[in-house]
Amino acid sequence: MTVSLPLVLVLGVIAWAAVKFLGVRTWVVVVAALFGFYLSQTFLAPAIDSGTRTGVDVVNGTSHN
């Protein structure tokens, strides 16, 4: 059986769990999210996107040769 989850949902659950169980402050999560939004507008965005897609492909076992 294959289950497909959007990456943003997985990251949201990790952020929620960090606040709930690890005691991470909510403002830290908000700052990290804002940093991600600002980082997406820089020259690093294509490299981050490519690296994320490659990592997801490796985890899913669907790497394209």
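Predicted model: local features only at pLDDT ≥ 70, side-chain atom pairs only at ≥ 80, totals over all residues.
Helices are taken here as DSSP runs of at least four residues, numbered from the N terminus.

Side chains of opposite charge can pair when their charged atoms come close. A search of the whole structure returned one salt bridge. The two partners fall into separate accessibility classes: R53 has a relative accessibility of 53% and is therefore classed as exposed, the threshold for that class being over 50%. D49, with a relative accessible area of 37%, is partly exposed.

A further contact in this part of the chain involves T54. This residue belongs to helix 3, which spans residues 45-60. The side chain of T54 reaches the backbone oxygen of S50 at a distance of 2.9 Å, and this value lies within the 3.5 Å limit for a polar contact. T54 has a relative accessible area of 46% and is therefore partly exposed.

Helix 3 also contributes to the largest pocket, together with helix 1; each of the two helices supplies at least two residues of the lining. Rolling a probe the size of a water molecule over the atoms shows where empty space is left. The volume of the largest pocket is about 300 Å³. Its lining is made up of L7, V8, L11, I14, A15, I48 and T52. Helix 1 provides the largest share of this lining, namely five residues. In terms of residue class, six of the lining residues are nonpolar and one is polar, and no charged residue is present.

The segment before helix 1, a helix that covers residues 7-21, contains P6. P6 and G36 are 30 residues apart along the chain, and the C-alpha atoms of P6 and G36 are separated by 17 Å.

Notes. Residues numbered from 1 in each chain as written. Heavy atoms only, no water. Buried < 20%, exposed > 50% of the residue type's maximum accessible area, 1.4 Å probe, protein only. Polar contact = N/O pair within 3.5 Å; in protein donor to acceptor, adjacent residues only side chain to side chain. Salt bridge = Lys/Arg side-chain N within 4 Å of Asp/Glu carboxyl O. 1 Å grid on protein atoms, 1.4 Å probe; cavity = no way out; pocket = protein on both sides within 12 Å on 5 of 7 lines; lining within 4 Å. Points joined across faces, edges and corners; volume = space filled by probe spheres on them. Nonpolar A, V, L, I, M, F, W, Y, C, P; charged D, E, K, R; others polar.
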